[in-house]
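Please open the model in a viewer and keep the selection tool at hand.

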Amino acid sequence: MVACAVENNIPAVPENASDRKGITWIRVYKINNGEAWPDCRTAFVPVLCQQCGHDTPCAHVCPQQAVDVDPKTGIVGQMPERCLGCRYCMAACPYHARYFNWWDPQWPPGMEKTLNPGAAPRMRGVVEKCNFCLGRLHAAEERAAAAGRREIDPADYLPACVDACPTGAIQFGDLNDPASAPAEDANRPESFRLLEKLGTDPKIYYRSKRDWVRRIASAPRPAGNEDRRG
Amino acid sequence: MLPWNYGFEWNTAHVTFLGAFYAVLAIVATTVVRTLLRTRRDLRTHRAESIRWQSDFHDLPPADRVCRHVLTGEIQRRECPNAFDCRACETHARLIAQHPVAVEPQAEDETLGMPFPLDRYYHRGHAWVHPEPDGSLTIGLDELGWRLAGAPDAIGLPKPGAAIHVNGPAFHLHRGRADVRVLSPVDGEVIGTGSREQGWLLRVKPAATGERAFRHLLRGAEIRPWLVREMERLQLVLTPAGAAPTLADGGVPMPDITAGYADTDWDDVCGEMFLCP
Amino acid sequence: MDKEFIARGVERCGAGRFLLWILPWTAMLFFGLYAAGLCLVKGLNQTNMDNRFAFGLWIFLDLTVIAFGAGAFFTGFLLYILKVHELRAVINSAVVIGLVCYSGAVAVLMVDVGQPLRAWFTFWYPNVHSMLTEVTFCITCYLTVLAIEYLPIVLKNRKLREIPRFLVFEHELHKLIYVLAGVGTFLSFFHQGSLGGLYGVLRGRPFAFREGLFIWPSTFFLFILSAAAVGPSFILLTTWLVEKLSQKRLVRRNVFQILARVSGLLLAVYTLAKSIDTLVWINRTSPESGFPAAEYYSWKPFGTWILIAEIVVFGLIPALILLTPRLRARTAWLVPAAAMACAGVALNRFVMTVQTLALPTLSFDPFLSYFPSWQEIGTFLAVVAYGVLVYSFSFRYFKLFPEERELRIEARQAELESELVER
């Protein structure tokens, strides 16, 4: 989450602001299997923009076409300069992966020196979300062009979160290339996607051998004795 | 929005959507432009006055719009479809062919205690017109009209040379900040102005002569039933809510009617009686 | 003092008393403008909306107010296209209400979006697949049509119509009013529907998502029906309220009966359609998205009571009351029934906006709650105040109720006759 914020110049919100007003392009959830000790188990689920493929909900609903689905990479790009801030896309996204700039971006004095020149900061009143670190993709494309190649070297382009993860829990690659690791892993029986039945065709696959993780991740909270008010 | 803009394609969705939008815009714009053009045409052909009367007539309560033949009892119920311009009315032509109303040039007659000479024609807006021997017409305000006007601060008369039209404004009565226009009974050109003391207000060269020019005006035996109705209307407008009727039968209206009633407003009463909604 | 601006034949209170009436509303307006100004200047962080509750009080109220304003187009349709002449008595009032509702909604929308100055982007780069584009286009066009329909009402003011240009323009415009009524009906059909479509297409929110006909989810048609149903009820309610506040008879009783009958009929049809739609949604649409419908109603405070309230208590019951001649003939039944119909539609809009966002989709998300901040409430109050002020001025200086004068005369006539009988 921190690597993402650093890479993409995500501003912090005022101290007393609600957590729900903060911008976290990637957000790690902690889930557990509901059992008591010693059988309780925990898992961490990072949720980011799922880069939906079929009938991308946010692209479909944006009134000014500020959401662009790149046919080649499949990345759902957001154009902050076009965004009106109507937040319809935020209502449409079932993964809550879109975030609104409730404030003008501000950094503590001196911190602006740490900003990444490869990513444009967004103004107040527009929506933003994970774009798989497009700045890094462009940098990789420039390097490839400088070396006279048309296609980038897949290993040359990694989003910040993938780069930063110390356990290697996040993998990144070309789903269309059957030889790549993510494409292989996506086809395993223990792989699943979030909210599959909604038909959004997301490109983020999660893999777990544990049933309870799969159960929690795929549908509304399974029936239990938990308090129904979150 | 437009073909050269980002994201535009010639597909069904775009064509339908933008087609509908532009169609709606076109319809609304056309309507507004048509209206403006017609307005300009109307103003140029000096139809504003007749439009004003049409609009006024339309705003009168239905009870004030009854046909003159209802007043005389010939028809049970009928609302005037011609804004009191009987000159072109077929029903009126048919009825007067069956029962012509004579104008007898006698001496003054009193109707309901007020002098209403029968040698002249009366307009439902309380103006009268009297054909003079030299071919001109004199126009004045009838007795009920004067008693309603009471003591106006000023009477606004048109200048000689001005044109007046049937059911257009003939002259104005001013009292305080209120202003009530009295409708003209005839078409013509003003050639002289008079005063209350002289007994007439305007001398007019008529635009048309003959029986048809006065067909829309009341005369003779029509006067009495019309005045009875007028007194009923007056009673309604004078009585404030919750009060008892104040014009007893047989009573004669005072010279300045509204002055005698504390709760009534000169402008309201005169507006109602002079057909000024 | 301002008597020459007030029509003849009708009574209006003195200028001083009128000033006393508008003073608190003006104060409310200024307070609301300050609240809205804060949101515009400091940003939407002034509200209690957040990344999970992207829509809040304003969107809910926009939808409700636009549904209420549907009375304008529907009365126009009934009067100018279907020739129900009795409704001439309320059409002017309906147009003013419509204008106030739509202009208020658009004003709030301008505060609601993050970048209001970019509003023209929707027109320049429209996404014709998005329901919101459709809404934007239609509402803008319709607001224009309403403004043009309001013009004759203004120009018929006693003093203004003395100017020949205004008089003639009003006269000519009125001859073509049926064109505007037709266009207004067409536009209203689409934007009321698209407002429903906004939520019906949200595949990512199975609570709101519905199947439908072609590109239009069932909520498209349900919203049109409910708006058409609530429009006459709202007109009825406001007319009754104005009669009460001004202590005058403004329309004949049969006008109320006509409005009630139309509203009741449409409300009954809507309730039936909504029930069928709900059953389809519970049994097919929602489970296919992986969300059994019972799940939604397990979250407090939104239990199944809200569904029953929306469809039965505030839907079926007022429909039945409005359709029963004996009941609707009595004001004690008529007015509450109309109010309940309006409440039912408001509840429906609430459920589609607020409840949709409150319910979690991801299973490790909690149920979310939201309460508007004072700035949001203030902005809404500004719209209410604006509406009351525009209506008050229109009621005082324009002829909103053509039958008022006749009714006054008839009342006097009846009094006189009863006095004579007593003697």
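Begin with chain C and select helix H9 (residues 218-246) and helix H10 (residues 253-288), whose axes come within 8 Å and cross at roughly 155°. Axes here are lines fitted to C-alpha atoms, for helices over the stretch in contact, with angles running from 0 to 180 degrees between N-to-C directions. H9(C) is therefore roughly antiparallel to H10(C), a term for angles over 145 degrees. The crossing of H9(C) past H10(C) is left-handed, meaning that the near helix is turned anticlockwise from the far one by less than a right angle.

Next, display the contact residues, including Leu222(C), Leu225(C) and Pro232(C) of H9(C) and Phe256(C), Leu259(C) and Tyr270(C) of H10(C). Two residues are in contact if their C-beta atoms, placed from the backbone, lie within 7 Å. The contact of H9(C) with H10(C) comprises 16 nonpolar, four polar and two charged residues; Ala, Val, Leu, Ile, Met, Phe, Trp, Tyr, Cys and Pro count as nonpolar, Asp, Glu, Lys and Arg as charged, and the others, Gly among them, as polar.

A note on the source: this is a predicted model, in which local features need pLDDT of at least 70 and side-chain atom pairs count only at pLDDT 80 or more, while totals for chains, interfaces and linings use all residues. Residues are numbered from 1 along each chain as its sequence is written, and chains are lettered from A and ligands numbered from 1 in the order in which they are written.

Now move to chain B, which has seven helices and eleven strands; these are DSSP runs, numbered from the N terminus, of H or I over at least four residues for helices and E over at least two for strands. Select the open sheet of six strands, ordered S3-S4-S5-S11-S10-S7 with antiparallel pairing. Strands S3 (121-122) and S7 (163-164) of chain B stand at the edges with a single partner strand each, so one side of each lacks a neighbour in the sheet. Within the sheet, S10 (residues 188-195) and S11 (residues 200-206) of chain B pair in the antiparallel sense over six bridges, where pairing requires at least two DSSP bridges. Thr193(B) has Leu202(B) of S11(B) as its bridge partner.

Finally, show chains B and C together: their contact takes 39 residues from chain B and 36 residues from chain C. On the chain B side, H1(B) supplies the largest share, 15 residues.

Note on methods. Parallel < 35°, antiparallel > 145°, perpendicular 65-115°, else oblique.
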